[in-house]
Amino acid sequence: MAEQGESTFTVIVAAAANLGIAVAKAVAGIVSGSSAMLSEAAHSVADTVTEALLLTALKRSEKPADEDHPVGYAGERYVWALLAAVATFVGGAVFSIYDGIHTLTHGEELGDPLASYIVLGVAFLLEGFSLRTGIKQVRAEAERVKAPFAQYLRLTPDTTVKAVVMEDSAALAGLVLAAGGLLGGQITGSGVWDGIASILIGVLLVYVAWVLGRSNAELLVGRPAPRRMREGIREELLSVPHVIGVLDLITLIQGPGEVMVAAKIDFRDVSSAEQVEWACEDAESQLRERFPAIRRVYLDPTPGVEQRRAAP
């Protein structure tokens, strides 16, 4: 639950920053006549919508398991996060690319860029603070599971924080591109640079939407626990008295900090029913102690290969 609270705070910080920035960018874009600034405004609006969807995801995934949803609602987070990726693509990328192409084909009248430069500077500071908050959470979580930062960010099941980090990183890159477009137009007097900057911002958002969409789709379809964790689970199961083999092991990430384990276990042939039952209890206790993320364990006593060969 602590991670859930951290994720909510991270998303709220990003949403508050993007909402104010979107309005400022829109005003500056209208005043300066910059398509790149208007693209950045669309970018911030898309990010604000994205954060609203991510907050919905966090809230909905908190609901406890019930009769109709016996494994809980954690997976619903990925549905809303997938919609957030679509919002990034439609709301930001499509508009930016269209506006850039329109500028290149029809030209634009450049106004006073001063307001845009001021807005870009303030936006850079706010986006930087939001990104710092997201990175701080990801780094803490990576240290908690003893994983490299980049690897954890790529594979983390907490796609809400991943979305904030990626979108804020893209926002900072977009601000640099917008500033470059303004500067190029100011030096040359041509709106071509602004149009190119707008298209590049759109391409950047397409990439972010693709990465986030793919991450959430993988988790919705079903992604196993990391290989090192699967090896540790198998090791723990084999250390339990009366267990002589793990014939099949299935792990499934159901949400951030929620992993399900199912395994076919070969027990000693001379073990009594009571010993098998207690071995299953011991196995679950050991797994939960070593890997707190494991919430559900299902073990199926299954005859081993030798038993099957010896069976009449």
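Q: Which residue forms a salt bridge with D300?
A: This is a predicted model: local features need pLDDT of at least 70, side-chain atom pairs count only at pLDDT 80 or more, and totals for chains, interfaces and linings use all residues. Residues are numbered from 1 along each chain as its sequence is written, and side-chain values use heavy atoms, with hydrogens and water left out. A salt bridge is a side-chain nitrogen of Lys or Arg within 4 Å of a carboxyl oxygen of Asp or Glu. The closest N and O atoms are 3.1 Å apart, and the partner of D300 is K264.

Q: How many residues apart in sequence are the parts that D300 and K264 tie together?
A: Helices (H or I, at least four residues) and strands (E, at least two) are DSSP runs, numbered from the N terminus. D300 lies in strand β3 and K264 in strand β2, so the pair ties together parts separated in sequence by 36 residues.

Q: Is D300 buried, partly exposed or exposed?
A: Buried means under 20% relative accessible area, exposed over 50%, and partly exposed in between (1.4 Å probe, protein chains only). D300 has 33%, so D300 is partly exposed.

Q: Which residue meets R296 in a salt bridge?
A: The N to O distance of this pair is 3.9 Å. R296 lies in strand β3 (residues 294-301) and its partner in strand β2 (residues 258-267), so the pair ties together parts 38 residues apart in sequence. Both side chains belong to buried residues. The partner is E258.

Q: How many salt bridges does a search of the whole structure find?
A: One of them joins the side chains of E235 and R290, at 3.1 Å from N to O. That pair links distant parts of the chain, 55 residues apart: E235 is in helix α8 (residues 227-238) and R290 in helix α9 (residues 273-290). Over the whole structure, the search gives seven.

Q: Which residues are linked with E235 in a network of salt bridges?
A: E235 counts as partly exposed, at 48% relative accessibility. R290 is partly exposed too, at 37%. The network links E235 with E236 and R290.

Q: What is the order of elements in the protein chain from the N terminus on?
A: The secondary structure comes to ten helices and three strands. From the N terminus on, the run is α-α-α-α-α-α-α-α-β-β-α-β-α.

Q: What radius of gyration does the protein chain have?
A: The radius is taken over C-alpha atoms, and the globule rule is 2.2 Å times the number of residues to the power 0.38. For 312 residues, a compact globule would have a value near 20 Å. The C-alpha trace spans about 90 × 35 × 35 Å along its principal axes. The radius of gyration of the protein chain is 25 Å.

Q: What share of the residues of the protein chain counts as buried?
A: Contact means heavy atoms within 4.5 Å. Among contacts between residues at least 6 apart in sequence, 76% join residues at least 24 apart. Of the 312 residues, the share that counts as buried is 46%.

Q: Where does L237 lie, and how far apart are the C-alpha atoms of L237 and L38?
A: L237 is buried, with a relative accessible area of 2%. Leaving aside neighbours within four places in sequence, its contacts include V243, I265, L287 and L299. L237 is found in helix α8. The C-alpha atoms of L237 and L38, 199 residues apart along the chain, are separated by 57 Å.

Q: Which residues are in contact with T159, leaving aside its neighbours within four places in sequence?
A: T159 has its place in helix α6 (residues 159-188). T159 is buried, at a relative accessible area of 1%. The residues in contact are Y78, A81, S215, N216 and L219.

Q: Which residues does A65 touch, not counting residues up to four places away in sequence?
A: A65 sits in the loop between α2 (35-61) and α3 (76-106). At 44% relative accessibility, A65 counts as partly exposed. A65 touches P70, V71 and G72.

Q: What is the phi of H242?
A: H242 is found in the loop between α8 and β1 (243-255). At 19% relative accessibility, H242 counts as buried. H242 is not a glycine, yet its phi is positive, at about 80 degrees.
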